[in-house]
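Colleague: I have a model open and would like to go through it with you. Can we start with the helix packing?

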Amino acid sequence: MTGLQALVAIALFAPGVLAPKLGIAEREVGAFTTAVFAVGAATSVYGGLLAARLGPFAVAALCALAVAAAMALSTSGTLPALIVAGLLLGLAFGPETPASSTLLSKLAAPEQRPLIFSVRQTGNQIGAMIGSLSLPLIAAVSPVGGFAMIAVLALAALSIFLALRPRYDPPARGEGERLDVMGALELIAREPPLVRLAVASMPFSAMQLALNAFFVTFSVHVLQTSHVAAGVLLAIAQCGGLVGRLTWGFVATRIGSAGKVLVGLGLAMSALAVLLAMARPGWPQAAIGGIAFLLGLTASGWNGVFLAEVARLAPEGRVAETTGAVLMASYTGLLIGPVVVASLAEIGTLSLSYAVVAGATLLATLALLGGRR
């Protein structure tokens, strides 16, 4: 399941990484990403329901097929093709997490879930790092070779998922009798702790996107670093995210509370984002690198413990549907986050954007903390 997430992550980052060689403009990359997040938000509930009905590896196989089709379409580099490719990739982006949650919640004991779910969530960072390192090298030989490589990987993954399906899908099926989206949403509406988690995940997701998507621009325009140095700083933040997902899963397992770790991460990322917003040209690169690592550690490290807490609070036998419903809010944060950050940057600078997102994250964290009390 980590491999499934890594596959989707490589495909998500591919147009942006290959854009210079293929002549893909920023607006075309943006349209592709927006299409992915929009469909992902809409299909996350269906992903959970399908995983409950068909089995997680059946859904994983469909996700792999969607990735292969999306990458095949992306080779043209035209705006219409990239939009359609983004819509197809969204069909993988939305369902893959609920599918993994329903399987892993069956295989892992409740006390193991924070660590197991966090290990699984490292797929995003693994995919991003593999793509960042390999795709430019492949593009130097063949501009569309990167898309072809991902499509081949997706087809190979498809065969693996189909082979695993007979063993793992039957015990994980049967959580949902029919594809009832409103019923899935009512699952969380009846549980105030799940509502708080869903709402909190929106600014948490926006914070994560503000770090990953806008940090290079912030470093160049606000901190006046070189483009290369800004890329290194972002890589440091990504490394922090990878370390964070493993670390916080381990910590939550040891203390027996994913919820407490999630609250601590919310407070920490809020403070670090404010500190980043205060950064100015001339600050030592080591200091900026430290902030980047710590912000990655928190703002990109919360997902595993978050999903473990959702699984813990889900009604008995309804993990897939509950996860899908909660992720609708998370993906909505990813969808509206770029608009909010960019709009605030137009009013002031990206420093203002980070400060406002930090404030929203703090309010959401305090709501979580109040709910725990």
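Colleague: At what angle do H14 and helix H15 pack, and how far apart are their axes?

Modeller: This is a predicted model, so take what follows as a description of that model. In it, H14 and helix H15 (residues 319-347) pack at about 135°, and their axes are 9 Å apart. That makes H14 oblique to H15.

Colleague: Which residues make the contact?

Modeller: From H14, Phe306, Leu307, Val310 and Ala311. H15 contributes Val319, Thr322, Thr323, Val326, Leu327 and Ser330.

Colleague: Is that crossing left-handed or right-handed?

Modeller: H14 and H15 cross in a right-handed sense.

Colleague: Staying with H15, what about Gly333, buried or exposed?

Modeller: Gly333 is in helix H15. Its relative accessibility is 1%, so it counts as buried, the limit being under 20%. Leaving aside neighbours within four places in sequence, Gly333 is in contact with Met202, Ser205 and Ala206.

Colleague: And how far is Gly333 from Pro56?

Modeller: Their C-alpha atoms are separated by 25 Å, and the two residues are 277 residues apart along the chain.

Colleague: Switching to the other helix pair I had marked. At what angle do H7 and H11 cross?

Modeller: Roughly 150°, for helix H7 (residues 123-141) and helix H11 (residues 227-255), and their axes come within 9 Å. H7 is therefore roughly antiparallel to H11, since the cut-off for that label is over 145 degrees. The crossing in which H7 passes H11 is left-handed.

Colleague: Which residues meet there?

Modeller: On the H7 side, Asn124, Gln125, Ile126 and Met129. On the H11 side they meet Gln238, Gly241, Leu242 and Arg245.

Colleague: Why is Arg120 counted as buried?

Modeller: Because its relative accessible area is 3%, and buried means under 20%. The Arg120 side chain makes a polar contact with the side chain of Gln121, at 2.6 Å.

Colleague: Next, the nonpolar side. How many residues are in the largest nonpolar core?

Modeller: The largest nonpolar core has 110 residues. Val67, Met71, Leu89, Ile150, Phe215 and Phe306 have the most contacts inside it. Helix H10 (residues 192-221) supplies the largest share of this core, 13 residues.

Colleague: What does Leu89 contact?

Modeller: Leu89 is in contact with Val8, Ala11, Leu12, Phe32, Val36, Val67 and Ala70, again leaving aside neighbours within four places in sequence.

Colleague: And Ala60, where is that?

Modeller: In helix H3 (residues 56-74). Ala60 counts as buried because its relative accessibility is 0%. It touches Leu4 and Phe161, residues up to four places away not counted. Ala60 and Glu96 are 36 residues apart in sequence, with 6.3 Å between their C-alpha atoms.

Colleague: Last one. What is the phi of Gln224?

Modeller: Gln224 has a positive phi of about 60°, although it is not a glycine. Gln224 is in the loop between H10 and H11. At 59% relative accessibility, it counts as exposed.

Definitions and conventions: Residues numbered from 1 in each chain as written. Predicted model: local features only at pLDDT ≥ 70, side-chain atom pairs only at ≥ 80, totals over all residues. Heavy atoms only, no water. Buried < 20%, exposed > 50% of the residue type's maximum accessible area, 1.4 Å probe, protein only. Polar contact = N/O pair within 3.5 Å; in protein donor to acceptor, adjacent residues only side chain to side chain. Core = buried A, V, L, I, M, F, W, Y, C linked by side-chain atoms within 4.5 Å. Helix = DSSP H or I, 4+ residues; strand = E, 2+ residues; numbered from the N terminus. Contact = heavy atoms within 4.5 Å. Axes fitted to C-alpha atoms, helices over the stretch in contact; angles between N-to-C directions. Parallel < 35°, antiparallel > 145°, perpendicular 65-115°, else oblique. Left-handed = near helix turned anticlockwise from the far one by under 90°.
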